[in-house]
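Try each task on your own, then follow the solution step by step.

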There are 2 protein chains.
Amino acid sequence: MTGARRKFKRESEEARRDALIEAALRLVAEGGMKAATVRAIADRAGVTPGLIRHYFNGKDELTRAAYSALMQRMTEDNSAVLDTAPADPQARLAAFVAASLRPPVVDPEALVLWAAFLNGVRTDPEMRAAHEAGYVGYRDRLQALIAALPRRADPQTLRAQAIACNAVIDGLWLEGGALPHAFAEDELPRIGLTSVGAILGVDLLSHMTGPQT
Amino acid sequence: MTGARRKFKRESEEARRDALIEAALRLVAEGGMKAATVRAIADRAGVTPGLIRHYFNGKDELTRAAYSALMQRMTEDNSAVLDTAPADPQARLAAFVAASLRPPVVDPEALVLWAAFLNGVRTDPEMRAAHEAGYVGYRDRLQALIAALPRRADPQTLRAQAIACNAVIDGLWLEGGALPHAFAEDELPRIGLTSVGAILGVDLLSHMTGPQT
DNA sequence: CTCATAGTTATGCATATGTATAACTGTGCA
DNA sequence: TGCACAGTTATACATATGCATAACTATGAG
C-alpha cells in the first residue's frame, strides 16, 4: 500500500460551507445530534475533519450555522406561497394556512431536525436568537393576513388570535410530521382551516384550493 | 490522603432502578441526551457508574426504561382527571381536553424530554412500541369521550374527528411547552376547547371549569 | 458472633470525539 | 514556467464514554 495522499479539489468558501452544513443536517435528521460528529460530517461532505475547523471556529459554530440554515429554509418554503396567492384576504389567509400544513413544510425530516435542535435552542443564546427571529417572522406574517380580513377587531384581540392560530398551525405541523400516515391527503389543511376559522369567526374551509398549485 | 473506600447503603432493586431512571430523565431534561452519560447519571443518582450495569444490561436499556417511565407518568397525569370529572358527556370531554392543556401535562420540561427522545423512538423498536401504546391509549380515551356525545356520527367520521382533535390538542400542548409565557392563564385550554368544539360541531367552551380542581 | 452472598465500589481498557498542529498540494500570478 | 500562498490533508493528543472485571463491604441467616 502506497501512503498516497488523498486527491482533492479546491472549492469556494460558500460551496464548502454549504456542503458541510448540508452534511450536518442530513446526519442529524438520520441519527440525531449524536450522529453528527466532526468525522461523520466531514466524511459525508467528502472532506477530512480538519477542514471543518478551517471554515468554522469549532463544531458548535457549525451546529449554529446548520440551525440557521434550517430556519431560513423553512421560512422561505412557507412564505413563498404568498407570491402566487390570490388577492382576496380570506382566500389569501386560507392559502397561507394550507401551505403551512402541506409538504414541503410538513415533513417528518423537518420535525426530527426541529426536535434535535430544541435543546440547543434553549441553551445557546445565538441559536435562541435565530429561533425567535424565525418564529416572530412567521407570526407577524400570519397576523398581517388576519388583520387584513374584512371585520372589526381591536389590536389586543388581534394579537391574541394570531398567537392562537399560530399555535394550532404549529401543532398540526408537528402532528403531520410525527404521524405522516395518520392523515389523508389534504386532511391536515382541512383541520387547520376549520380550527383557525373557528378561532377567527370566519369561514376559511370554502376557500381551500386543491393540492399545492 | 487515605484511599478510603466510599461508604454506601444497600437499597432495594426498585429504589435503585427508580433513582437511576429519575436521574437520567433529569439530566436529559437539562442538557439533552448528550448530557445523560453513565457517569453523570450515576453521579446524580448518588452511586458509581458500575452500578448501572448491575441493574440494566447497558445504557440503551436504561434509556428505554427512562422513556417508558416518562410515557407512563404523562398518561397517568392526563387520565387522572376523568376520575373526578362530571357525568355529562360534553362537560366530561371539556374537562379532559382542558386538563391536557394545563400543567402538569403542559410543561416545558416534558416537551424537552419528548424532543430528546424523538429520534430514539423513531429508531429503536422497543421505544417505538412504548410510544405507540401511549399514543393510541390517549386517542382511544379521547375517542370514547367523543363517541359519548349526544349526536349522530358514523364510525368513520368518528375516528377521523378523534384524530383531528388529538392533533389539535397535541399541537397546543407543544406550543404551551415551547412558549410558556406566550399564553395567559387558561388561554391554552380556551383555544383547545374552541378548536375541538369547531371540529365536532359542539360547544365546549361554556363547559370549561376554572383552573384545575 | 461468624460468615457467605449479593450489592456496591474501584480500576482499567478500548474506542470515540473535538481540536491543535504540521505537512502537503492545487491553483492563480509574475 | 516557477513560485508563493491559501486550501486541504494527515497525524497526534487530551479527554470522554461505555463497558468489563476484580476487589470490597453491608447485610441477613445460622
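**Exercise 1. Find which residues surround DNA strand D and which are the closest.**

Step 1. In this predicted model, local features need pLDDT of at least 70 and side-chain atom pairs count only at pLDDT 80 or more, while totals for chains, interfaces and linings use all residues. Residues are numbered from 1 along each chain as its sequence is written, and chains are lettered from A and ligands numbered from 1 in the order in which they are written.

Step 2. Call a residue near a strand if its C-beta atom, placed from the backbone, lies within 6 Å of it. Around DNA strand D there are 26 residues, and the closest are Arg6(A), Phe8(A), Gly50(A), Thr37(B) and Gly58(B).

Step 3. Look for the elements; helices (H or I, at least four residues) and strands (E, at least two) are DSSP runs, numbered from the N terminus. Two or more residues each come from helix H1 (13-31) and helix H3 (50-55) of chain A, and from helix H2 (38-45) and helix H3 (50-55) of chain B. H3(A) gives the most, with three residues.

Step 4. Sort the residues by type: Ala, Val, Leu, Ile, Met, Phe, Trp, Tyr, Cys and Pro count as nonpolar, Asp, Glu, Lys and Arg as charged, and the others, Gly among them, as polar. The surface near DNA strand D has six nonpolar, seven polar and 13 charged residues.

**Exercise 2. Describe how chain B touches chain A.**

Step 1. Count residues in contact, meaning that their C-beta atoms, placed from the backbone, lie within 7 Å. Chain B gives 25 residues and chain A gives 25 residues.

Step 2. On the chain B side, helix H7 (108-123), helix H9 (155-178) and helix H10 (187-200) each supply at least two residues. The largest share, nine residues, comes from H9(B).

Step 3. This side of chain B has 15 nonpolar, six polar and four charged residues.

**Exercise 3. Work out which rotation superposes chain B on chain A.**

Step 1. Superpose the copies by least squares on the C-alpha atoms of residues with pLDDT of at least 70 in both.

Step 2. Within chain B, the C-alpha of Gly171(B) is nearest the axis, at 1.4 Å from it. Both copies use the same surface, as 100% of the contact residues of chain B recur in chain A.

**Exercise 4. Check the span of helix H9 (residues 155-178) of chain A, and ask how many of its residues are buried.**

Step 1. Chain A has ten helices and zero strands.

Step 2. The expected span is 1.5 Å times one less than the number of residues. For the 24 residues of H9(A) this should be 34 Å, and the end C-alpha atoms are 34 Å apart, which agrees.

Step 3. A residue is buried if 20 or more other C-beta atoms lie within 10 Å of its own, exposed if 12 or fewer, and partly exposed in between, with C-beta atoms placed from the backbone. In H9(A), 18 of the 24 residues are buried.

Terms used. Contact = placed C-beta atoms within 7 Å.
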